[in-house]
Amino acid sequence: MYRLLFRLVLTRLDPETAHHLAFDVIRWLPRIGLGAILRRLSRPGPSLAVDTLGLRFASPFGVAAGFDKDGRAIRGLGQLGFGHVEVGTITAIAQPGNDRPRLFRLIPDSAVINRMGFNNRGAADAAPRFARELARGIRPVIGANIGKSRVVDVDDAIADYLVSARLLAPVSDYLAVNVSSPNTPGLRGLQELDKLTPLLTAVNDAAGDTPVLVKIAPDLTDDQVRRIAELAVELGLAGIIATNTTLSRDGLVTDAAIVEAAGAGGLSGAPLAARSLAVLRIIRTAVPQDFCVISVGGVDTAADVAERLAAGATLVQGYTAFLYRGPLWARSVNRGLEKLRS
């Protein structure tokens, strides 16, 4: 039914408008009584639970940063079956993001190009909301993905990240340091070791007991991936998230004119799967077995999630396929994982 709705209705809407409609439905699920019903239908089986980061995840499958920018749909997403919700990217200073249109579907590739630009209401706005969600008895694990405010120079990035870290670490289960979005000028330069080392050291110190992970780009070389993985271990981080969106447009089957018209931005979805899996395997050779590695990029089915777990992922995240699969996507993945393990 969702596929029919997507083909006949949602594809006729601007992608960001369609996203906001779906997001509002999910946000209201707990308030209209449907959330409790959906939770019973979508709740992961006990066999899927994962213990990592000092936390228990009901499922290895969670929703990646980008879907819920400000933490306004955490409860609803948990009721749909996601084991964790990574919120953000959140910046210290509220910002509207880039001008619209900024989200584009590449339907033949099951992909999306976005240049959202970290549109969010800011860390100070999000923190009380996180605190309320954290206090709930039944909830998914909550991660806060933090990034650099656009108006802040790269040279001042550490102080900017620390504002968000100090506000959100006490009210989050983990922090993810985003240095890999292609849509904030200069941000990816923070992946250079001489800039990354002091940034991660400062955030890790400010976070206290809250686990800190770093999110990296798929466009790094294999050697850069390995060196960042080794650095994360050396600095005492809790994990790595791999990967963010890519600047590459290689191998797309969507009409080239449509891709060109979409313009700049990060590509996510199925075309990212091979590189994301390759980066996961590189990281796993460079970190201890108990080091948390969250794999994201091109994940669609339960078999995809199982492949990432077999390749060494501790947890797996998805986002783009949510737009194509609909609200029961997490349920489908969880049920599929249970069948594969039975």
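Guide: Welcome! A contact here means heavy atoms within 4.5 Å. This is a predicted model, in which local features need pLDDT of at least 70, side-chain atom pairs count only at pLDDT 80 or more, and totals for chains, interfaces and linings use all residues. Residues are numbered from 1 along each chain as its sequence is written, and side-chain values use heavy atoms, with hydrogens and water left out.

Visitor: How many residues are in the largest nonpolar core?

Guide: A nonpolar core is a set of buried Ala, Val, Leu, Ile, Met, Phe, Trp, Tyr and Cys residues joined through side-chain atoms within 4.5 Å. Buried means under 20% relative accessible area, exposed over 50%, and partly exposed in between (1.4 Å probe, protein chains only). Y161, L168, L175, V203, I216 and I283 have the most contacts inside the largest core. That core has 76 residues.

Visitor: Is N178 buried or exposed?

Guide: N178 sits in strand β8, residues 174–178; strands (E, at least two residues) and helices (H or I, at least four) are DSSP runs, numbered from the N terminus. Its contacts beyond four places in sequence include T89, F118, Y161 and N244. A polar atom of its side chain lies 3.0 Å from the backbone nitrogen of S180. With a relative accessible area of 3%, N178 is buried.

Visitor: Why do the buried residues of α8 line one face of the helix?

Guide: Helix α8 covers residues 222–234, and V225, I228, A229, L231 and A232 are buried in it. Seen down the axis, using directions from the helix axis to the C-beta atoms, these buried residues line one face because they fall within an arc of 160°.

Visitor: What covers the buried residues of α8?

Guide: Both helices and strands take part in the cover. It includes α7 (193–207), β9 (212–216), β10 (239–242) and α10 (273–286).

Visitor: What is the radius of gyration of the protein?

Guide: The radius is taken over C-alpha atoms, and the globule rule is 2.2 Å times the number of residues to the power 0.38. With 342 residues, a compact globule would come out near 20 Å. The protein agrees with that, at 18 Å.

Visitor: What percentage of the residues count as buried?

Guide: The protein has 13 helices and 13 strands. Of its 342 residues, the share that counts as buried is 57%.

Conventions. A polar contact is a pair of N or O atoms within 3.5 Å; within protein, one must be able to donate a hydrogen and the other to accept it, and residues adjacent in sequence count only if both atoms are side-chain atoms. The expected span of a helix is 1.5 Å times one less than its number of residues.
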